Amino acid sequence: MRMRNLVATLGVAALALTAAACGGDEPTTGGGGNAASDACGDLHKFDVASGVDVAGSATFTKIKSKGAPVVGVKADQPNLGYKDADGKRCGFDIEVARMVAANLGFDPDKIEYKEIPSANRETAIAGGEIDYYVGTYSITDKRKKQVGFAGPYFIAGQDLLVRKADTSMDAGKTALKGKKVCSATGSTPIQRVKDEQLTEASNISEFKTYSECVSQLLDNKVDAVTTDDAILKGYAATAPDELKVVGKPFSTEKYGIGVPLADKALRDKVNSILETSASDGTWKKIYDETLGKSGSDSTPPPLEKY
Amino acid sequence: MLSVLTDNWELFVDGFWTTLRLFVIAAVLSLALGTLLAGFRVSPVPAMRAIGTGYVNVVRNTPLTLVFAFLVFGAPKMQISLPTFFWSAVVALTLYTSAFVCEIVRSGINTISPGQAEAARSVGMTFIQVLGIVVLPQAFRAIVPPLTSVMIALLKNTTIAAGFSVAEAGAIPAVMAERGQNQMATLVWITIGFLILIIPLVFLQRWAERRTAVA
């Protein structure tokens, strides 16, 4: 009797393990951006500057003692901040992060990347968890109170990603009423949808990452994903037969590099790195190698040296 | 510190109200489903026992986030769809908590002397009557403290729903970060909010223990 019970329990446990394994695979395959062709290619080669010193920068001293910077990034934004199936990172933000590291005198290949969700960025920078952050980080007055921003290095605008066959939102934000909208939890774009009451509160979904929203869009659970056009174009490119960007941007998002608030020396240094990259053509080169592949042209925006 | 709460009062109220709704609905449903599963596990029918055992071992060993992810990202791909993300969260929490409630109820049943059931059966009661009239009422007396612990765990587990598009208390920090508020103060207020929700449960436990105490 005892023995039979034991065998039965083991059998069920084995069943449980297989079932759990199946369940575990599901969300990853459903994560969106799962096209096989989006693997990262070769990264840009930067010359590592030598003898760099940033006087008065506590962060620089910290990076120097570690030998390489810890950089906060996104990992699920194709052509911006992306991590492919092999664990390789690429995109415009990654190249900017590497360019900054190289010009600070550190080998970009040695950067330690940390994926920080949008909501935790200020805490990660203020707490010293990361040295600087490059990940579609919009410069806003509120954030300026907690974080120092170098840049902007790119200007984007909020737009809508919809299913290709769906023409009901071609007019842009005014057509959102009554539609189910998804964006990252607590992000600027979803705050704007709420503040301007572009759709009803019950129609708003918020997930940790944009790829989770894209998955919901592909499953017809939401009608539009909203955030910056630069991010959305990346997703549209991974599923061009199913998704499209409406193309009516309704905001101005200036992407900056987040550094600790008190570290003005580092901010000035990063600003001058960005300035040089704009004038010597490096900016244009790394843009064309990444975001530029979506077909739209761009030029380096003027810096805000506040 | 106080201004963090008062300036964002609406956000806290909305968040905790959703948390409370999630908790109450999931608690009632999981108590019912858990007790039913416990009935399965002690039933004389081998097939029902196997279903009960299988369910408990599968669900209890699956992380709650996976149960959520399965319902929110997996189920739509299999044409199974719940009306809103709130209900997906209720179902996920109920399925998960039921497995734990089942085991607690079963352990309570095991504290009842077999003589009780035998006596009940000897007067001609059916299995359902034995369980419902004789065994379960006595069993619940023994399981008040562990059941309260599982309910407190359920209340805290509701915060996982924030990652799956339910704007409950667990989603407050993300919005507060965007509003540029102090994260430390935000987390302290959320902790206080949960304490306020948990304290009545503790009093309920004491009351139930006193009421059902023997001798």
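**A guided tour of chains A and B**

Begin by selecting Pro152(A), which sits in strand 7 (residues 147–156) of chain A. The model on screen is a predicted one.

Select Asn79(A), a residue of the loop between strand 2 (76–77) and strand 3 (81–83) of chain A. Although Asn79(A) is not a glycine, its phi is positive, at about 70 degrees. Then move to chain B and select Ser165(B), in the loop between helix 8 (144–157) and helix 9 of that chain. Ser165(B), likewise not a glycine, has a positive phi of about 65 degrees. As background to these stops, most residues other than glycine have a negative phi, and most peptide bonds are trans.

**The two domains of chain A**

Return to chain A and colour it by domain. Domain 1 covers 58–155 + 255–294, and domain 2 covers 158–246. The C-alpha centres of the two domains of chain A are 26 Å apart.

**Pairs within chain A**

Show the side chains of Phe92(A) and Tyr287(A). Their rings form an edge-to-face aromatic pair, 5.9 Å centre to centre and with 85 degrees between the planes. Phe92(A) belongs to helix 3 (residues 92–103) of chain A and Tyr287(A) to helix 10 (residues 282–289) of chain A, so this pair ties together parts that are 195 residues apart in sequence. Over all chains, the whole structure contains 18 aromatic pairs.

Now select Glu196(A) and Lys173(A), which form a salt bridge whose closest N and O atoms are 2.9 Å apart. Glu196(A) lies in the loop between helix 6 (188–195) and strand 10 (204–207) of chain A, and Lys173(A) in the loop between strand 8 (158–163) and strand 9 (181–184) of chain A, so the pair ties together parts that are 23 residues apart in sequence. The structure holds 22 salt bridges over all chains.

**Chain B as a whole**

Chain B has 10 helices and zero strands. The C-alpha atoms of chain B occupy a box of roughly 70 × 50 × 25 Å along the principal axes.

**Where chain B meets chain A**

Bring chain A back and select the contact between the chains, which takes 28 residues from chain B and 29 residues from chain A. Chain B and chain A bury about 2,600 Å² between them, 60% of it on carbon and sulfur atoms. Which residues of chain B lose the most area to chain A? They are Phe73(B), Lys77(B) and Glu178(B), which together account for 26% of what the chain B side buries.

The side chains of Asp219(A) and Lys77(B) meet in a salt bridge at 2.9 Å, N to O. The count of salt bridges between chain B and chain A is one. Across the interface of chain B and chain A there are also five residue pairs in polar contact, with both residues at pLDDT 80 or more.

Finish by highlighting helix 3 (46–60), helix 4 (64–74) and helix 9 (172–178) of chain B, the elements that give two or more residues to the side of chain B that touches chain A. Helix 4 of chain B gives the most to that side, with six residues. Coloured by class, the side of chain B that touches chain A shows 14 nonpolar, 11 polar and three charged residues.

Notes
Residues are numbered from 1 along each chain as its sequence is written. Chains are lettered from A and ligands numbered from 1 in the order in which they are written. Side-chain values use heavy atoms; hydrogens and water are left out. Domain bounds come from an automatic or database domain assignment. Contact means heavy atoms within 4.5 Å. Buried area is the accessible area (1.4 Å probe) that two parts lose on being put together, summed over both. A salt bridge is a side-chain nitrogen of Lys or Arg within 4 Å of a carboxyl oxygen of Asp or Glu. A polar contact is a pair of N or O atoms within 3.5 Å; within protein, one must be able to donate a hydrogen and the other to accept it, and residues adjacent in sequence count only if both atoms are side-chain atoms. Helices (H or I, at least four residues) and strands (E, at least two) are DSSP runs, numbered from the N terminus. Ala, Val, Leu, Ile, Met, Phe, Trp, Tyr, Cys and Pro count as nonpolar, Asp, Glu, Lys and Arg as charged, and the others, Gly among them, as polar. Rings of Phe, Tyr and Trp (its six-membered ring) pair if their centres lie within 6.5 Å; planes under 30 degrees apart count as stacked, over 60 as edge-to-face and the rest as tilted.
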